[in-house]
Amino acid sequence: MKIQSPWPVKPFLVIATFAVGIALPQYIPQWYNWRIFEWATVPAVVDFQPRARAAEPLQEEAERLRPDTVSLKSNSSRIHDPTATMDHFYASLLKTERLQNGTVTRILHYGDSPTTADLITADVRGLIQQRFGDAGHGAYLIAKPWAWYGHRGLDVSASGWKMDPATLKGQKDGRYGLGGVSFIGQTGAQSEIKLKKPGHTKLTLSYFGQPGGGEVKIMAGDIEVATLNTDLPEPADAEETWPVPPEAQNFKIIVTRGAVRLFNVVFRKEGPGVVYDSIGLNGTWAGVLAVHINGQHWIEELKMARPDLVIINYGTNESGYRNYVETTYPKDVREIIRRVRAAVPESSVMIMSPMDRGAREAGGTIGTVTTLPKLISVQAKLAAENGCAFFNTFEAMGGPGTMGKWYMAEPRLVSADFIHPMPAGARIVGTLLYQALMDGYNSYKLKQLRRAVATAAPAATPTEARP
Amino acid sequence: MLLSSTVYFVFLTGLFLLYWPLQRWRVAGLSVLLFANYFFYAKWDLFYLILIPGASFLDYLIGRGLGSAQAPWLRRSLVSLSVFMNLGILATFKYMPFFLATYAGIAQTKAPAWHWTFPLGISFYCFQSLTYTIDLYRKDGKPVRSLLTHMTAVSFFPTTLSGPITRVLALAPQLEKVGRTLSSEDGGKALFRIGLGLMKKFLIADYLAENLVNRVFDTPNLYTGMEALIGVYAYALQLYYDFSGYSDIAIGSALLLGLKLPENFNRPYLALNISEFWRRWHISLSNWLRDYLYFSLPGLRSKWKVFTYFNLFFTMLLGGLWHGASWNFVIWGALHGAALAFHHGWRTLRGNKPASANLAVRVASRLLTTHFVILAWVFFRASSLENAMEVLARIASLTVSLANISMPIAVVLAIAAIAHYLPKRIYEFLASLYIRSPFFAQAAALAALVLAIQYVAVTGAAPFLYTKF
């Protein structure tokens, strides 16, 4: 009698053999690395999860986005400042907050590609200016050296400029201005900068003056603000500031004669308030500030800028080169700090670590690039050795694997390269930095208060002791 | 439960083992399938256990009514009720946030929260269900007598997420057939299609998405014009391999249960013109839009030819809106609508002559059609209109560098492009080779594929692009 199989024979045999084949490595230790099936999957078939209404990372981050209600959970979210180097910045901020006449606190934030697009910095700028007042947008380049360059609240369209970013070392004299890019324009070269909001009262143009330098005309709307002659007897870095009508939102910089070499413009408002300069260079690394840029030139530029706080926020690009991190990197960072100190010795200096940088690991999970933790520990050590403050962005945003979590969030918080945050992700990091700055500032104020009480107390004691 | 997840294949294996011994009894076989359908829905959300049976039951009753009613007004009322119910489901569970946001924008108030949107491509269910009542209204078939058959056909799980949209009247007779068998050939075909789908999804679509396409569309300004252009080409391939990979798994899964679903793709980037493209791309949706929307629009029989063009445009505009309530999809739909209308007019002007046999003309036509489709995909993929313009502006910058196109990306792109243009007979040859192989070789090939996916693709199970529609 022929027994008929209840299943189609060949497909059944294929499926059964396949199932045994993929389950087998679980039981043979030598094949353990070839496991592609877990028995845990089977019960998952009957696991009826309630519908998730939001991705978990977004909920967590939403909580962190409420700076006024959430206290900093751990030391990893704070600025490490054992030498109180941040006190200069906090003192300036205190004066600004007390509305002391015209006091402006200026922050220079040097960073790599996220900063080039004003990601993170735009969010910190917004938050800090909301609390302490808006003293203007700050520095902005003459044109876009990279399509990625852009600041929130401004836009530039330009033509006729030869653009040399410091990263590419296109200028032999190493002069790239505060913003790290040199712009050379002949007659007719021009830039039109549009500000979304009015209110700026001063415009500063930073340039390189030299014998035979050309002329540049600055317009605010239809009004000619000034004509600048860059013809100087000796080559020198210089800047010129002019008052501009506060209602003006469109500014033009036009080369009217000869050749000029410009670096950047700075837009300012009447204080008190904060200026937060976002100075990003695409694809940059510590060697650019330490070696590519002429040291004396950068020192002069920093002196003219007079920042209260300089943030050095590099490391993402370096994390791709372990050998560099272990050899030349510390020397480059020391040189950057030396240059900043030589220019503005009284200013606070803070090293800000890069964000997490994701990479696919075996098995498909998104982990952290292996060199990154090493680089961050080098940064922390260098900050401590050189009396700088240190902010560990990587730990503050959640440590290893955060970009993996951010990539899986809906909507995504990081781009598919696991490096560049999406605007919502940048806002999270910006808020974390702002919180950390405010936490340090509040501690500083408390310290000042305690000091004031302590100095007042001895004087009061004899009076109180009087019968 | 995505069709590419391990959980799905455990589910499918379990169903295969349960279904075949029971399918010789009609009610038992159908009950197993219906249970599997609802189990599949419930994995997404338990609410579907109320929604889908309720809506299917009502459509079944409407179908019975349409089968017996003769009065035109009654037939119209019945079909209207079905249309109203199914579109109501779509409006409530898919478009409500858009409606609320639009209302909030007009009233200048905050949009109220709406938690009743569902992750499943609910429109595929509604479209499938509408084929039944509209076909009956047009007297293109007879009502399904058995409630069990109707409920099973209308909610058939492989088609739930992204089609192929299958006419209920085509699927029901297959379900009704008792004592079906699965030949070795059909079994081999089914497993081959599933394997092919997985390969398309994981080794090509997901790889291109993560390593190039998403990066270019997330941050276009970080890439040169040439890289952005390659990113856009890569998206055209990603979308094809993702969606056709899904269709392969769906068709293979159904075939493993002895049921045949319609094909959904036929090498679309070989189309000579835009009309042919839509006969090769997402065929079941194109047919649905033609049969149930375009033919339903007024004016087709009018002497005013302008109606034909307008209806073509309007159909594609609605098709665009169906993909999502945003300007991107409006532009995408409008571009395709305008192109179809233009092509229709051009063909009429030429007296409906067949396409030229000249090789150069055919190559130029293919290139033109494909590039038009790819241009429109930019709007389809971009997160916003601004994002689409950014991508196009990057391409227009004409900057040249390929620093971000690594060798593995270039290789996958080349394989994807070549595989798309390969003649069908090569796939048929590979399929027959697989079918003729002994069972252990078939199993080994599948295991090797899964292993390759595990160790090469390493991207996890990303959702199929079309499941969100």
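Student: Which residues make up the covered face of strand β7 of chain A, and which the uncovered one?

Tutor: Happy to take that slowly. This is a predicted model, where local features need pLDDT of at least 70, side-chain atom pairs count only at pLDDT 80 or more, and totals for chains, interfaces and linings use all residues. Residues are numbered from 1 along each chain as its sequence is written, while chains are lettered from A and ligands numbered from 1 in the order in which they are written.

Now to β7(A), which spans residues 215-220. Strands here are DSSP runs of E with at least two residues, numbered from the N terminus. The covered face holds V216(A), I218(A) and A220(A), and on the uncovered face you'll find E215(A), K217(A) and M219(A). Why the every-other-residue pattern? In a regular strand, side chains alternate between the two faces of the sheet.

Next, the neighbours. Two strands count as paired if DSSP finds at least two bridges between them. β7(A) pairs with β8(A), residues 223-229, in the antiparallel sense over six bridges. In that pairing, M219(A) sits opposite E224(A) of β8(A). The two strands form a hairpin with two residues between them, and G221(A) in the turn has a positive phi of about 65°.

β7(A) has another partner too: β10(A), residues 250-257, runs antiparallel to it and is joined to it by six bridges. There, K217(A) has I254(A) as its bridge partner.

Notes
A residue is buried if 20 or more other C-beta atoms lie within 10 Å of its own, exposed if 12 or fewer, and partly exposed in between; C-beta atoms are placed from the backbone. Helices (H or I, at least four residues) and strands (E, at least two) are DSSP runs, numbered from the N terminus.
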